[in-house]
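Please take a moment to look over the sequence and the fold shown here before reading on.

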Amino acid sequence: MRPIVNLLPKVKHRVYSGHPWIFSSEIGSLEGTFSPGDIVEVRDPRGRFVCLGYLNPESTITVRVLSREDRDIDEEFFRERVRQAVEYRRFLFGLKGPFGDDGSGYRLVYSEGDFLPGLVVDIFAGYVSFQTLTLGIDRWKETLIDAINEYVSPKGIYERNDAPVRRLEGMNLRAGYLGEPFDPVIEMDENGVTVLVDIQRGQKTGYFLDQSENRLLARKYLSGRSVLDAFSYSGGFGLSALAGGASSVLFMDASEAALDLARAAAGRNDFSGKVAFEAANVFDALREYERSGRKFGAVFLDPPAFARSRKMVESALAGYKEINLRAMKVVEDGGILCTSSCSQHVAPQEFDDMLDEAAKDAKVYLRVIERRGQRADHPVLGGVPETEYLKFRMFQVLKE
Ligand code: SAH
């Protein structure tokens, strides 16, 4: 017998309309014996079947939905979900043949967006970066790895289960090769540019594929411009700018290791004469440029998520406003500002309102060139606003 989760009466449960999360505050009682990570059946206050999911009483998201059908949740179920996720990428990118033959990168599985909550899988030039971020999905790790091996035949797999969010689920952190070791610094093609992905020591899974199309779009408008790539990490935006004919790029990041990757990648693309690197705090550097009057033809701002919870949104918006306002001032009249936020808790409207405020204070007009989000291999689900986390805006900055 599956354990049963009874939903509280008189609550507007989002799960009824397809939302994949059930919070502890929505639950009336738990029946049966269970351990964290078990599959449970969720019932409405009248005792009717709602869905199946996995349970973690230690997490505020107590149940994550796996299926709205009453069916077996077994190895076959997870294999089929992985197969569907791979199929979707083949459809999106028009790929034929196994993924291992392709020199570029894709997100193969993205958690709720692929109906596999907690599982994140990226593939970089045939090498897989693998994360199970919740206890309920971690239980199925071997089945999931088997399915990945079968459906994409990767050249190698690296487990990046060193993400601190695992601690919220009561799990340990671990990282390492699953199978044969390989050189962890992977050379990958992104829109015709060589980028370097450090699958072992790089941030998150190793590379931020969600901005891939935005990097390509930005490239169109940067010919002849001097560019500041602020929060550059391994240089994705700046390298793309150089491919678009930018006259120079200053890569800036707080992490020396990130700049080392950007430097090495610039060399491989023969961009060496046009690049500079600065290990600095972007907040301080922008303040300094504003004071000294240094200007750029384009500025990229792609900071880490400033808001890790809804409570942090206000202070996060203040941080976003500060860097955007200063960036608007250090961009030349008629220059380009590409600005992003990857905070899931900051709604698109809140981000846009903040930018309008910053423009007002900086006394500039923002002419919108692009308003976009994450690439479609990081699926957004209708009715699940939490899946839409990336905001990307490209403006021409006009001063009077
Ligand atoms: N633009 C990158 C991704 C940026 S991720 C890309 O296209 O891949 C955010 C980066 O900001 C990280 O590399 C982190 O090291 C850096 N960072 C965080 N806080 C910073 C700060 N105050 N000043 C400079 N860099 C910072």
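In what order do the five strands of the open sheet with mixed pairing stand? The order is β7-β8-β9-β10-β11, where strands (E, at least two residues) and helices (H or I, at least four residues) are DSSP runs numbered from the N terminus, and two strands pair if DSSP finds at least two bridges between them. This is a predicted model, in which local features need pLDDT of at least 70 and side-chain atom pairs count only at pLDDT 80 or more, while totals for chains, interfaces and linings use all residues. Residues are numbered from 1 along each chain as its sequence is written, and side-chain values use heavy atoms, with hydrogens and water left out.

At the edges of this five-stranded sheet are β7 (105-110) and β11 (174-177), each of which pairs on one side only. Strand β10 (residues 156-161) runs antiparallel to β11 and is joined to β11 by four bridges, with Tyr158 standing opposite Tyr177 in β11. Helix α3 (residues 141-152) lies across β7, β8 (119-124), β9 (127-132), β10 and β11, and runs at about 155° to β9; such angles run from 0 to 180 degrees between N-to-C directions, with axes fitted to C-alpha atoms, for helices over the stretch in contact.

A second open sheet, also of mixed pairing, has seven strands in the order β16-β15-β14-β17-β18-β20-β19. Because β16 (275-279) and β19 (364-372) stand at its edges with a single partner strand each, one side of each is left without a neighbour in the sheet. From one strand to the next the twist averages 15°. Within this sheet, β14 (residues 226-230) and β17 (residues 296-301) run parallel and are joined by four bridges, and the bridge partner of Val227 in β17 is Ala298. Helix α6 (residues 236-243) packs on the sheet, touching β14, β15 (248-253), β16, β17 and β20 (391-399), where contact means heavy atoms within 4.5 Å. Helix α7 (residues 256-268) packs on the sheet as well, touching β15 and β16, and its direction makes about 175° with that of β16.
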